[in-house]
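Biologist: I am new to this one, and I would like to be walked through it. Could we look at it together?

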Amino acid sequence: MALILIVEDHPSLQKIYSIAVTEAGHTCLTAKDGTEALRQATEHNPDLILLDLLMPDVNGMEFLRKYDTAKHPATKVIVLTNMDTPILRQQLSDLGADLYLVKSEYTPKELMGLIDGALQSTPPATPDN
Amino acid sequence: MSIVQKIILWFLGLILVPTLLVGGMLFLSFNHYMINEALNNLSHQADVKQQRIEDVVTQNTTQLAAFTNGVLLPTTLDSYNHTHSTEDLALLGSTIDAVKSKTPEYQNVSILNLDGKVIVSTQPSAVGQDYSAKDYFARAKVRNDTTDYLFVNGKGELDINLVGPIMYQNNPVGIIVIDASTSDLASIVTDYSGLGDTGETELAKRGSDGNALYLAPLRFDTAATLQRSVGYSKANSPVVRAVDGQTATLQHAVNYQDKPVIAITRPIRGTNWGIAVEIERAEIYQPLYNLRDTLVLLVFVVLVFGVFTALFAARLITDPIIALSIAARSISTGDLSQRVHQGRADDNNEFGLLAHTFNTMASHLEKLDKMKTEFILLTSHQLRTPATAVKGFLSLLLEGYAKPLTAKQRELLQAAYEENEQQLRLVNQILSIAQAESDQIILAKADTDLSGLIQEIVEQLRPIAIEHRQIITIHKPKGPVWATIDREKMRMVIENLVSNALKYSPDKAEITVSIEQGSDSVLLKVRDQGFGIAEGDKDQLFKKFSRLPNPNSVTAQGSGLGLYLVKILVELHAGTVDVESAPGKGTTFIIKLPNRQE
């Protein structure tokens, strides 16, 4: 029963993740760009953030910089994107992301499994699919 | 033929042709000049000698006539014939003594009666001898002769008999015989000045059969006088032509030594004698041969010089061309960073311009290539998004989110899901290839249990196998098989090989995946029971877009990128991939990976 913030600009994907999260018994918030995400995050202090990278205006990486995970140690951040380069992975890890997942590899069910795993663990885990 | 070789040939031709032409012309004109000079010289000499010999003959003839048609001798002889007086005899004797002493050439003077008996002579032993058998006797009774009767005297020299009838009141009353030496003739003939080391004058008289009998010593046969003759049949003998009365210029004669000579022939007019003034061709041609040798050396030097110059000149052109083609080849094999060095500050020449243009083009290509890669990367990522959404929606439906599904609904939705997964796989392949080709793949290597990974993949693909009643068997050791690999990339590799094996094998076939840990490498094999690959097709197998026909399916499946990607990814891991196959005998793909680093 956690509060999950879904940051995703693509409407279909936003819908899918919302359904998955809600079906799993959690509450969800949504944002479609970095600015909205910052507002939601600071206002509601979610337990977990699902973060897309490619967004208009303020993108995922900029959000993470401004958000400053150091200030929110209890919040897990899962980067959920279709961009996939080792450089990006490294950069986002440095910025405090707990997981880096490639969207196209997971069904909603599998995603929820990973989210539950992240919520339950305290140290960051590497995906072991 | 290479450009350098062509340039050398042209250059040589350019240099050699005029050199040879000029040299040849020089040679020919020198040759012509030499010969003409020699012939002129000989001709002059011949004229002089002819004149002098004729003078000698004329002198003899004139003098003889003075005696035979004079006053004193005929009168005295006629008187003696009638009287046989001792006074007449004494007068005859003193007359001939006077004749002899006046002319140093006269060795002896004799007077014969008409029967041939010597009446009086400056040689006392001759008096009373019968000379009627002498060769000149018959002729001497009727006419003067100064050139036909020659003999070699006791000293080995040539003498002439000047003979003729002594006429008194138009009747012969006796014969005079003068034995004259021919030393003046010999001295004319043996004067070799102006005739070099091999030239000479041959003096001969015509024999009854047309042959030429020498009347004077030859330069290289001093005993030739009256001893040596040249046969009439020797047409190219100058002396034969001379005694034949010809005034000729012979450029290709052969002398008595069988040596080639040039010769001028002259008759001695009023006689049946002739002279040939000659000189050996070899002597004339010697300077010419020297010139020829010098010219040959010159041509050789020119040749060598020409080759080196041509080589140098050719290099000026071919060096930049080669540099350019090396750079171009690098670019053609994918290294777009190659540039051509523009050479010593010489930007304004043709190659500077070419190099500059080439470099600009290469930079442009590099930029385009980067743009292409960026484009592929960006669009591939973007292509994933709608496919991800479809995956999500179908997945929700399949998990019963909307409502439990009927079997038919499930079937159709599952099929749609599978197709979408295929699309995602394809995008992933394109992405990986684009990254690999632009060297952007950095493997996220970690110690992985390959055995476990294989298990996972096989389980994933087993539903597909079951559809065609195919079996996948795994051969593995008991424990884990470790290797340092990028899990996701290796997953793509194994997935590709196993799904290919399933696709290209008939129904009920068995596919075997085996893994073993060797001493220095890990061996992974995927064997199928498909229809095998021909020897000739093996090279093409790992190339981009290469697809072999598959009799198992009606439609062409696969993008032709799978094996290409497999090869790239395995090689990025410092591994190798090989295929063993024969038509009808199935195929085995063998991947060798380095052992885990300790």
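Predicted model: local features only at pLDDT ≥ 70, side-chain atom pairs only at ≥ 80, totals over all residues.

Biologist: What pattern does chain A follow along the sequence?

Modeller: Helices (H or I, at least four residues) and strands (E, at least two) are DSSP runs, numbered from the N terminus. Chain A has 5 helices and 5 strands. Read along the sequence, the pattern is β-α-β-α-β-α-β-α-β-α.

Biologist: What percentage of the residues of chain A count as buried?

Modeller: Buried means under 20% relative accessible area, exposed over 50%, and partly exposed in between, with a 1.4 Å probe and protein chains only. Chain A has 129 residues, and the share that counts as buried is 52%.

Biologist: How much area do chain A and chain B bury between them?

Modeller: The contact (heavy atoms within 4.5 Å) takes 22 residues from chain A and 19 residues from chain B. Buried area is the accessible area (1.4 Å probe) that two parts lose on being put together, summed over both. Of the area buried here, 64% is on carbon and sulfur atoms, and the total is about 2000 Å².

Biologist: Which helix gives the most to the side of chain A that touches chain B?

Modeller: Helix H1 (11-23) and helix H5 (108-120) of chain A each supply at least two residues of that side. The top contribution is 7 residues, and it comes from H1(A).

Biologist: How many residue pairs are in polar contact across the interface of chain A and chain B?

Modeller: A salt bridge is a side-chain nitrogen of Lys or Arg within 4 Å of a carboxyl oxygen of Asp or Glu, and the count between chain A and chain B is 0. A polar contact is a pair of N or O atoms within 3.5 Å; within protein, one must be able to donate a hydrogen and the other to accept it, and residues adjacent in sequence count only if both atoms are side-chain atoms. With both residues at pLDDT 80 or more, the number of pairs in polar contact across this interface is 3.

Biologist: Is B:Thr122 buried or exposed?

Modeller: B:Thr122 sits in the loop between strand E2 (118-121) and helix H4 (137-142) of chain B. Its side chain makes a polar contact with the side chain of B:Asn108 (3.2 Å), and a polar atom of the B:Thr122 side chain lies 2.8 Å from the backbone nitrogen of B:Val109. Because its relative accessibility is 17%, B:Thr122 counts as buried.

Biologist: How many residues apart in sequence are the parts tied together by B:Lys259 and B:Glu280?

Modeller: The side chains of these two residues meet in a salt bridge (3.8 Å, N to O). B:Lys259 is partly exposed at 34% relative accessibility, whereas B:Glu280 is buried at 10%. B:Lys259 lies in the loop between strands E9 (248-254) and E10 (260-268) of chain B and B:Glu280 in strand E11 (residues 273-280), so the pair ties together parts whose separation in sequence is 21 residues.

Biologist: Which helix holds both B:Lys372 and B:Asp369?

Modeller: B:Lys372 forms a salt bridge with B:Asp369, with the closest N and O atoms 3.6 Å apart. B:Lys372 is partly exposed at 39%, and B:Asp369 is partly exposed at 28%. The two are 3 residues apart, about one turn, in chain B's helix H8 (residues 350-398).

Notes: Residues numbered from 1 in each chain as written. Chains lettered and ligands numbered in written order. Heavy atoms only, no water.
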